[in-house]
Amino acid sequence: SLWKPLLVLLSPPAFSTGCPRCAKDRRLRQKRAISERQLTRYFVDQRKVRVVGGQGGDGGQSFHSEPRKVFGGPDGGNGGDGGHVIFKADQQMKSLASVFRFYQGFHGERGGSKNCYGANGAHMYVKVPVGTLVKEDGEVVADLTQHGEEYIAAHGGAGGRGNRFFLSNENRAPKLFTPGEPGQERVLHLELKTTAHAGLVGFPNAGKSSLLRAISRAKPAVAAYPFTTLNPHVGIVHYQDYEQVAVADIPGLIRGAHQNRGLGMAFLKHIERCRFLLYVLDLSVPQPWSQLQDLKYELEAYEKGLSDRPCVVVGNKVDLAQSRINLALLREQVAERVIAVSALTGENLEELLLHLRELYDTYVKTEQSQGQSPVKW
């Protein structure tokens, strides 16, 4: 009976007696949303990278010797080859922010005795976003547009020869061996161009970000001041037959963007990857058709033929009173189809989504008729 109080003290408690204030919260916390200002630190569309292939292993120098076979001859094996540095396109990567400034492949091992070859160095794989251009001295050397596509940025050096390789009738005991070759060294420039089916093109505060939030699950920043969007955003529009159309929100352009004004050519290059364009116009401003003329001029000045791609004019902010008047005038001034929507209230978004699917189906049929595979998401 004397041991019962002691057993009670030694037995573990049935519940935690720790202070609730000191206990750690083990509940799963929801991931915090990154603001547009913070996102500028993470989104990188240009990177200068120095890549060096792995060095080859040296050849071995040894002579075989065992009982009753003293002069067994040379048995030094060859060294292993150095590993390559390989850029690999990955659909999960959305920015070049995780790409470092320097990469080097693994070195090959030295050749051993008993004709043992050195192991080859492992390859260094660098994941880059889909749509990455690889340039060297201003010239494009690779264009990674498909998921899983690879490009050898730097070749590894060849392994050295062991003294077994130099055995001949004239030289029965060669002592010569060669060192491994150094890996290839290059300085490459990586440039990311957003790959999407459709591109939202328009002036600042035209409502592109609000429209993308209305038709997809993307959450770009929205505010009542110009240049709210500082990085391209890609939203995915889902259809009932499981087709997915990628729509890119290109940051607002201004007059003279092709001369590097405003956000400049840093984001004009993202329009090059878009298969068709959606010109988003603000119907509440006077003469909204002048915005379309200015946008086409900027695109054509940046790259000839860019403004000739399949397109549709989206008149936004139709919920305002002045927009109703300007809508009729806009349809008289432009030859393209005009779809009036309101990203705020969701008015007439069904017509826009149906026409977006028509543009996508036309693009798919065109690519298939030319023997090419269309971009799928």
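Which residue of strand 6 is the bridge partner of Thr132?

Reply: The bridge partner of Thr132 in strand 6 is Leu144. The model is a predicted one, in which local features need pLDDT of at least 70 and side-chain atom pairs count only at pLDDT 80 or more, while totals for chains, interfaces and linings use all residues. Residues are numbered from 1 along each chain as its sequence is written, and side-chain values use heavy atoms, with hydrogens and water left out.

The bridge between Thr132 and Leu144 belongs to an antiparallel pairing of strand 5 (residues 132-136) with strand 6, made over 5 bridges. Here strands (E, at least two residues) and helices (H or I, at least four) are DSSP runs numbered from the N terminus, and two strands pair if DSSP finds at least two bridges between them. Both strands are part of an open sheet of 5 strands, whose order is 3-1-8-5-6 and whose pairing is mixed. Strand 6 (139-144) is one edge of that sheet and strand 3 (102-104) is the other, each of them pairing on one side only. From one strand to the next the twist averages 30°, where angles run from 0 to 180 degrees between N-to-C directions and axes are lines fitted to C-alpha atoms, for helices over the stretch in contact.

Further along the order 3-1-8-5-6 is strand 1 (residues 46-52), which contains Val49. Val49 is buried, with a relative accessible area of 1%; buried means under 20% relative accessible area, exposed over 50% and partly exposed in between (1.4 Å probe, protein chains only). Not counting residues up to four places away in sequence, Val49 touches Val99, Phe100, Arg101, Tyr103, Arg186, Val187, Leu188 and Leu190, contact being heavy atoms within 4.5 Å. Val49 and Val134 are separated by 85 residues in sequence, yet their C-alpha atoms are 10.0 Å apart in space.

Strand 10 and strand 11 (residues 244-249) run antiparallel and are joined by 6 bridges, with Val247 in strand 11 as the bridge partner of Gly235.

Further into the order, strand 9 (residues 198-201) pairs with strand 12 in the parallel sense over 4 bridges, and the partner of Leu200 in strand 12 is Leu278. Strand 12 also runs parallel to strand 13, the two being joined by 6 bridges, with Leu281 opposite Gly315 in strand 13.

The largest nonpolar core has 27 residues, of which Ile271, Leu277, Tyr279, Leu299 and Leu330 touch the most other members; a nonpolar core is a set of buried Ala, Val, Leu, Ile, Met, Phe, Trp, Tyr and Cys residues joined through side-chain atoms within 4.5 Å. Strand 11, strand 12, helix 5 (289-302), strand 13, helix 6 and strand 14 each supply at least two residues of this core, and its largest share, 4 residues, comes from helix 5. Another core, of 26 residues, lies apart from it and has Tyr239, Val245, Val312 and Val341 among its members. As for Tyr279, its contacts beyond four places in sequence are Val201, Leu292, Leu295, Lys296, Leu299, Ser307, Cys311, Val312, Val313 and Val314.

For the protein chain as a whole, the secondary structure comes to 7 helices and 14 strands, and buried residues make up 44% of the 377 residues. Among contacts with a separation of 6 or more, 72% are between residues 24 or more positions apart.
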